[in-house]
Amino acid sequence: MRRIVLGASLFFTALSLPALAQDHPEIGQRQGQFNLIVHNFAVLGGMAQGRVDYDATLAQTAADNLFHITRHDQSRLWPEGTDAQSVDSTRALPAIWENLDDFVSKFADLQMAAENVQTVAGDGLDALRPAVGALGGACQACHQTYRAEAG
Amino acid sequence: MSKADSARRGRKPVVKLLGATAFVGAAAGMALWWVSAPEPLSAARLAGLSGDAQAGEAVFRAAGCASCHMGADPDADPMVLAGGQAFQSGFGTFYAPNISTDPTHGIGNWSRDEFLNAVMAGVSPDGQHYYPAFPYTAYIKADPQDMADLYAFMTTLPADATPSRPHDLGFPFNIRRGLGLWKAMYLDAGWTVTGDLTETETRGRYLAEALAHCAECHTPRNSLGALQPDQWLLGAPNPSGQGRIPAIAGPGFDWTHFDISAYLESGFTPSFDVVGGSMAAVVANLQHLDKTELDAIAAYILRAGE
């Protein structure tokens with residue numbers, strides 16, 4: 001009898017806990033993808049803001065990387081149930097899955113903005129700055145609607 | 001003496017007590033009623049103003065009107081102030097009203113004085129209190145001339161006929177008259193950050209405390225929803241969803257002057273994350289200001305954290 005009670009209470013405790021991140025490796029994997037985007041965006045953003053001097057070779061490499069990272073196929077990175085309401089370790093709002101078409105279209109905008117940066121990255125700071133601004137705008141478009149505030 | 005007489009005499013002290021209680025209660029009620037009366041701006045503050053729409057656009061951007069009053073759809077045009085965004089709170093849900101130039105559903109019929117009373121005193125044209133979800137608590141510190149310019153600019157914006165949605169608040173918060181007591185306790189035209197400020201810090205304080213109302217989200221509130229000045233800009237629970245609004249002062253905040261100004265201009269954090277959430281609309285407004293204005297806000301933020 002005692003074992004049944006203990007088993008039942010464990011079962012209900014498990015039900016009431018949010019799912020754990022390790023149940024969803026995709027969360028860490030897609031965060032890795034965004035970290036790599038930041039790793040490269042920092043080079044371009046740093047030049048655009050004048051934190052570091054413009055360097056055509058470094059800018060082109062970072063822009064090439066961003067082009068390729070944003071081409072990574074997303075289809076297995078966003079399974080249902082990996083939203084911030086279901087799992088603690090993500091800031092991906094449930095709105096993503098409620099407006100999947102819009103989310104996909106905003107990701108396509110990001111790809112376009114990355115492609116544009118790649119085209120102009122070697123053409124000097126004046127060409128780079130507006131393209132980096134537009135790329136930041138593409139990031140912001142999703143962050144505004146689909147990302148929760150940090151804990 | 002008859003039995004009835006003595007009974008009448010015995011009741012008298014109780015009647016007296018009841019009468020006295022009622023009198024004190026009525027006096028207290030009248031005092032509360034008097035204290036809670038909506039108080040518009042003085043004639044002196046409204047006198048001698050003349051609105052300049054072009055100057056008003058910068059005020060509009062700095063004051064962040066569109067962030068709350070544009071439509072609820074994130075892709076809505078920020079110049080169409082149709083209202084409808086929901087703001088959850090411990091008191092219920094506030095819905096930003098239509099403040100477009102529509103004469104029926106917006107503020108197209110308002111005079112400039114009515115506008116200034118709304119924005120700076122939290123009093124509506126029909127003499128009711130507004131809830132402090134509308135940050136007149138900040139705008140009360142503004143220069144009335146700036147608000148006159150803002151009015152002139154807002155009359156140039158398009159009309160939208162979307163009806164305003166009534167707030168959804170529980171008792172007793174749905175009694176607007178009670179806000180008069182709240183105002184008596186918390187509405188303060190003085191600055192929070194005081195002391196010997198440089199000219200740039202002073203300008204930054206004006207922009208941040210009177211117009212941009214940074215503290216409304218970045219400062220925690222007490223149980224009656226008033227900002228806690230001793231926790232100024234130290235971060236707070238997100239008023240409209242999960243997570244926290246970060247601290248922009250205090251030990252955990254290590255941004256430089258360059259970082260803050262660059263963030264308000266570009267939306268890029270010093271580690272090159274890109275702005276999101278409700279701050280995205282703030283940056284979208286502030287990036288229209290002169291860079292010197294953003295530098296002034298940065299100087300103020302650093303000063304406030306000292």
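**Exercise 1.** Of the contacts in chain B with a separation of 6 or more, what percentage is accounted for by residues 24 or more positions apart?

*Solution.* The structure is a predicted model, and in it residues 24 or more positions apart account for 63% of those contacts in chain B. As background for this figure, chain B has 13 helices and five strands, its C-alpha atoms fill a box of roughly 95 × 50 × 40 Å along the principal axes, and 36% of its 306 residues count as buried.

**Exercise 2.** Determine how α9 and α13 of chain B are oriented to each other, and describe the residues of their contact.

*Solution.* The first step is the geometry: helix α9 (residues 199-211) and helix α13 (residues 291-304) of chain B pack at an angle of about 95°, with their axes 7 Å apart. Angles of 65 to 115 degrees count as roughly perpendicular, and α9(B) and α13(B) are therefore roughly perpendicular to each other. The next step is the contact itself, to which α9(B) gives residues including B:R203, B:G204 and B:L207, while those from α13(B) include B:A296, B:I297 and B:Y300. By class, the residues of this contact divide into seven nonpolar, two polar and six charged.

**Exercise 3.** Decide where around the axis of α12(B) its buried residues lie, and state what covers them.

*Solution.* In helix α12 (residues 279-286) of chain B, the residues B:M279, B:A280, B:V283 and B:L286 are buried. Because they cover an arc of only 130° around the axis, they lie on the same side of α12(B). This can be set beside the general rule that an α-helix has 3.6 residues a turn, so residues three or four places apart point the same way. The cover over the buried residues of α12(B) includes α3 (53-63), α11 (257-266) and α13 of chain B, together with α6 of chain A.

**Exercise 4.** Describe the side of chain A that touches chain B.

*Solution.* The contact takes 18 residues from chain A and 18 residues from chain B. On the side of chain A, the elements that give two or more residues are α2 (25-48) and α6 (125-146), and α6(A) gives the most, with seven residues. Sorted by class, this side of chain A has seven nonpolar, nine polar and two charged residues.

**Exercise 5.** Is B:L18 buried or exposed?

*Solution.* B:L18 has its place in helix α1 (residues 3-35) of chain B. A residue counts as exposed if 12 or fewer other C-beta atoms lie within 10 Å of its own, and B:L18, with 10 other C-beta atoms within 10 Å, is therefore exposed.

Conventions:
Residues numbered from 1 in each chain as written. Chains lettered and ligands numbered in written order. Predicted model: local features only at pLDDT ≥ 70, side-chain atom pairs only at ≥ 80, totals over all residues. Contact = placed C-beta atoms within 7 Å. Helix = DSSP H or I, 4+ residues; strand = E, 2+ residues; numbered from the N terminus. Nonpolar A, V, L, I, M, F, W, Y, C, P; charged D, E, K, R; others polar. Buried ≥ 20, exposed ≤ 12 C-beta atoms within 10 Å, placed from the backbone. Axes fitted to C-alpha atoms, helices over the stretch in contact; angles between N-to-C directions. Parallel < 35°, antiparallel > 145°, perpendicular 65-115°, else oblique. Arc of directions from axis to C-beta.
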